[in-house]
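Please look over the structure below before reading on. The note is meant for someone who has not seen it before.

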Amino acid sequence: MRKLTRITISSEVMGGKPCIRGMRVTVGMILGLMATGRTQEEILRAYPYLESEDLKECLAYAAWRVEEVEVSLSTT
């Protein structure tokens, strides 16, 4: 997977949730808009400071997250 340069995580911004370029726009918010049927054009109109590459990286980040494997750790 290519390096994601537009998704940032900082405890200082939105409580450490993944955000777009350090702004107070979370990946989850954008994915939620997409999941409810908003088009890329509608999202970019509503948030003119975002770019189409930001939306692509939100999808790439989500795809990476769902591919993670949870590993149980022994508590012995």
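The points below cover a helix packing and the aromatic pairs.

1. The model is predicted, so local features need pLDDT of at least 70, side-chain atom pairs count only at pLDDT 80 or more, and totals for chains, interfaces and linings use all residues. Residues are numbered from 1 along each chain as its sequence is written, and side-chain values use heavy atoms, with hydrogens and water left out.

2. Helix 1 spans residues 27–35 and helix 3 spans residues 52–66; they pack with axes 10 Å apart, at an angle of about 95 degrees. The two helices are therefore roughly perpendicular (65 to 115 degrees; under 35 is roughly parallel, over 145 roughly antiparallel, the rest oblique).

3. On the helix 1 side, Val27, Ile30, Leu31 and Met34 meet Leu55, Cys58, Leu59, Tyr61 and Ala62 of helix 3 (contact means heavy atoms within 4.5 Å). By class, this contact has nine nonpolar, no polar and no charged residues.

4. The whole structure holds two aromatic pairs (ring centres within 6.5 Å; planes under 30 degrees apart are stacked, over 60 edge-to-face, the rest tilted). Tyrosine 47 and tyrosine 49 form an edge-to-face pair, 6.1 Å centre to centre with 80 degrees between the planes. Tyrosine 47 is partly exposed at 21% relative accessible area, and tyrosine 49 is partly exposed at 43% (buried is under 20%, exposed over 50%, partly exposed in between, with a 1.4 Å probe and protein chains only).

5. Tyrosine 61 and tryptophan 64 have ring centres 5.6 Å apart and planes at 50 degrees, so this pair is tilted. Both residues lie in helix 3, three residues apart, about one turn of the helix. Tyrosine 61 is buried at 12%, whereas tryptophan 64 is partly exposed at 37%.

Terms used. Axes fitted to C-alpha atoms, helices over the stretch in contact; angles between N-to-C directions. Helix = DSSP H or I, 4+ residues; strand = E, 2+ residues; numbered from the N terminus. Nonpolar A, V, L, I, M, F, W, Y, C, P; charged D, E, K, R; others polar. Phe/Tyr/Trp six-rings, centres within 6.5 Å; stacked < 30°, edge-to-face > 60°.
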